[in-house]
Amino acid sequence: MKLEGILKKYFGFQTFKTGQKEVISSILSGRHTLAILPTGTGKSLCYQLPGYVLDGTVLIVSPLLSLMQDQVEQMMRMGEKRVIALNSFLNPVAKRSVLQNIERYKFIFISPEMLNVPYVMNRLHELSISLFVVDEAHCISQWGYDFRPDYLKLGEIRQQFGNPLTLAQTATASRKVREDITRFLHLKEVNKVETSIDRPNISLYIEKQMDYQTKQNRLFELVFSLRKPGIIYFSSKKIAEEIASQLRKRGIGKTMAYHAGLDQEQRVLIQQQFIHGQLDVICATSAFGMGINKNNVRFIIHYHMPMQIESYLQEIGRAGRDGLPSIAILLYSEGDVELPLQLAEGEMPSKEQVDWFFSWLKNNNHGKIELFYSNNDLRTIGGFSEIQWRIIEDIMKTLIRIENMDVEKMHDLVNEYINKRLEVKRANIFKMKKWIDLNGCRRDYILDYFDEPIKRNIPACCDVCGVDLNNYLAHDESIQERETLEEWKDYLSKLLISGLEV
Amino acid sequence: MPYIEIIILYCLKQLNGERTIYSIYHLLKGKKSSQTIQDAHLYKLTHFFRCFESISREVLETKIQKFLGNHWIVPNGDQQFLVTSVGEQVLTASLEKQPFPKHLDGWKYHSESLLFWERFSLLVQVISNFNFKEAHYIPIQKNKQVHRWLKLFLKENSWQKNSLGKILHSELMDCFESAQNINPAVFIFRLTGYCQIGLTPLQVAEKLKIETTKYYIEFQNIIHFLIQHVRANPIQYKLLSSIILDIKESNPLTHSSKITYEYVRKGLSIQEIAKTRGLKTSTIEDHIVEIALNIDGFSIDSFIDKGIQKKIIAVANRTETKQLKLIKKHIDTANYFEIRLVLAKFGGVKQ
């Protein structure tokens, strides 16, 4: 059957999205594949469809529990019952029964830490793995923006499975990250399928402001005059809230803040309001954007500088999905580089915290270091933030498995690891800063960073090549105001009674 | 005066300098510990139980500092404060302008109000989209249990799907017509339907020009009103009452106290229950106090002599205190458990 036929049969679609067919053909021709496709291109289809063609099990390693859960539910909704997620959400009883009947499943999602559990591995070894999928493969590289030490051993695990056919997926990967992916996964030859990270309809624009106050005023001006809807990104929840409230007070746009500090119901409401056009400006932290399909976003403003080019690209990529001209503006005022530097440092456990942690290990655990997991107070007493604690857990997980490792040695390695991570993060920030200070074409620089050929003749490419901001202003005053119902009775009847007669 | 201050000042007044400010924190957060529950009853603050979960210790402490500076309160022991006459005047004046909503009953409804809201708001969204024949939309509630409930609800009840909207609408209108001092807008604008996404609490508060704290309390008030009203009139509100039909009227006891209660009903003594359950007698005593607070008509006579009961009530009334230490000073024949139990049963001071 032709691929389109399979697509129709299992998924009900007529055509593939960009890149999907290339990835699938590459896998089905038996080649290890590195797929670099932007988010929203249906990456799960790239392993699901081959799964139906190949005999044996598809094993998918995925770092984010929530993402994993989403994908499983989505596949189940599509009628695929032979799918399961092996992660810490599964209670022990369920886990046991799943593992006993593991051969029933066609698609097994697994978190990297589960691959450390001997019993789990033993059961998996009894399966024939037809496709080994590494989702978010950039996590394997310390140059990526989301390095996970757990991922480093995936190469070894692959070999234990006898070098199965492998698909590594990611949305963005710089040259260094690509090299790391093939190297650490022990892939000798790999076929790359990528679509360009470049979005020619988004102009890249940087404005330098003298100081914080000028920058804030300029933001109000821009938000007032730019064609909406738009998203403003901040590094701080508090400032996102403040600016949103200021914008509301000044009556500039219908604005709300969105960040991880809001409860789930509010987050859903704000997202949906934005999608349905009830809001036209979102003051967001990086928590906003995952899974948001709104194709007419006209501007992205960065009020704080992002911590690396990858996250910058991901964020501006939410503009102009309809292909129409859109603009990404980054406002930089003197000294702004300090904030990401501080944030990077704050994400890492401090030297004092690490020292304290190890002295606690030495004095309390009688050599049974793995016991620290079960001590829930440790994080609180040591004053570790959630991110800091995850870093400690991640690195400790790896160290514990190394034989003949004493506490002092671990202590040194942890310090070394943290310093190295910090250095990488700083380097990424300075790379971003260098891009901000650039005298040449901003797009060229980014394309080169991602190892892509340079393009020519992009209209309104970047502020260096020349962009006329006037083209992005809302000249058209006739934009239809949505009717807002002021009376609750009208609102209620609209919800419950209208529609019926139509 | 900001609404949160009215609440805190009111709590301080009720506590009469006999509990620390952190008992207010636990009360508003709705901590389910015997201490918090007993205090809520003793000082008649049950309606505020879990009515302001987002309160932080910092906010509370800042407000206390402000009250001290204004001479509204004076210290009365460590982290304990008495409301001064100035404070009382301010409080009375503020309450006259903004009285507490009268349906608010946190203790009674804390365990079901969120569930009621999740079910109700999802039901409205589903009905509204159904009316417009829209099958693709993002459910506003993420709780999987609520999704399962709704599926069953629509399947098992014999409602005509295209009449649901009208029924729900008319039941709601009836409900709000019989309500006094309620602004339905506080509730209604939060709802989501076809291509109309509900507002967040902050947005409704800004739209109606209400302070956010006050907004939260008003919203709770309406939920509590709806549950109470609908449950009392199941025939009039067939659809609305069936939303909460399967939620048992909340048995307010904690799980462990429920087990103790079973043993008490079988006639076991405190010592016997402690032994059977492998718990300390003091724990069982806590349970007994909790039962006395929550189960109407629970007799405490088997735990404490009637004569001593009377004495304790008399002392509590005379000294106008709920502090165990003070009461014990006057009656050395009673132990602390007995005093707590009597206070729990009879609410301490007479009104």
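Okay, so let's start with strands β12 (residues 299-302) and β13 (residues 326-333) of chain A, which run parallel and are joined by four bridges. Helices and strands here are DSSP runs numbered from the N terminus, with at least four residues of H or I for a helix and at least two of E for a strand. Two strands pair if DSSP finds at least two bridges between them. One of the bridge partners here: A:Ile300 goes with A:Ala328 in β13(A).

Quick housekeeping. This is a predicted model, where local features need pLDDT of at least 70 and side-chain atom pairs count only at pLDDT 80 or more, while totals for chains, interfaces and linings use all residues. Residues are numbered from 1 along each chain as its sequence is written, chains are lettered from A and ligands numbered from 1 in the order in which they are written, and side-chain values use heavy atoms, leaving out hydrogens and water.

Now, which sheet do those two strands sit in? It's an open sheet of six strands in chain A, in the order β8-β13-β12-β9-β11-β10, with parallel pairing. At the edges you'll find β8 (202-209) and β10 (255-258) of chain A, each pairing on one side only. The twist from one strand to the next averages 20 degrees.

What packs on this sheet? Helix α9 (residues 212-225) of chain A does, touching β8, β9 (230-233), β11 (281-284), β12 and β13 of chain A, and its direction makes about 165 degrees with that of β13(A). For that angle, axes are lines fitted to C-alpha atoms, for helices over the stretch in contact, and angles run from 0 to 180 degrees between N-to-C directions. Contact means heavy atoms within 4.5 Å. Helix α10 (residues 237-249) of chain A packs there too, touching β9, β10 and β11 of chain A, at about 170 degrees to β10(A).

Have a look at the loop between α9 and β9 of chain A, where A:Pro229 is found. The peptide bond from A:Lys228 to A:Pro229 is cis, with omega near 0 degrees. For context, most peptide bonds are trans.

Chain A also has an open sheet of seven strands, ordered β3-β4-β2-β5-β6-β1-β7, with parallel pairing. Here β3 (83-86) and β7 (191-194) of chain A are at the edges with a single partner strand each, so one side of each has no neighbour in the sheet. Inside it, β1 (residues 33-36) and β6 (residues 166-170) of chain A pair in the parallel sense over four bridges, and A:Ile36 stands opposite A:Thr170 in β6(A). Helix α3 (residues 45-53) of chain A packs on this sheet, touching β2 (57-61), β4 (107-110), β5 and β6 of chain A.

Last topic: the two chains together. How many residues are in contact? There are 30 from chain A and 41 from chain B. The area buried between them is about 3300 Å², with 63% from carbon and sulfur atoms; that's the accessible area (1.4 Å probe) that two parts lose on being put together, summed over both. A:Trp488, A:Tyr491 and A:Leu496 supply 22% of what chain A buries against chain B, more than any other three residues.

There are three salt bridges between chain A and chain B, meaning a side-chain nitrogen of Lys or Arg within 4 Å of a carboxyl oxygen of Asp or Glu. One joins A:Glu73 and B:Lys144 (3.5 Å, N to O). And the elements giving two or more residues to chain A's side are α11 (264-275) and α19 (488-496) of chain A.
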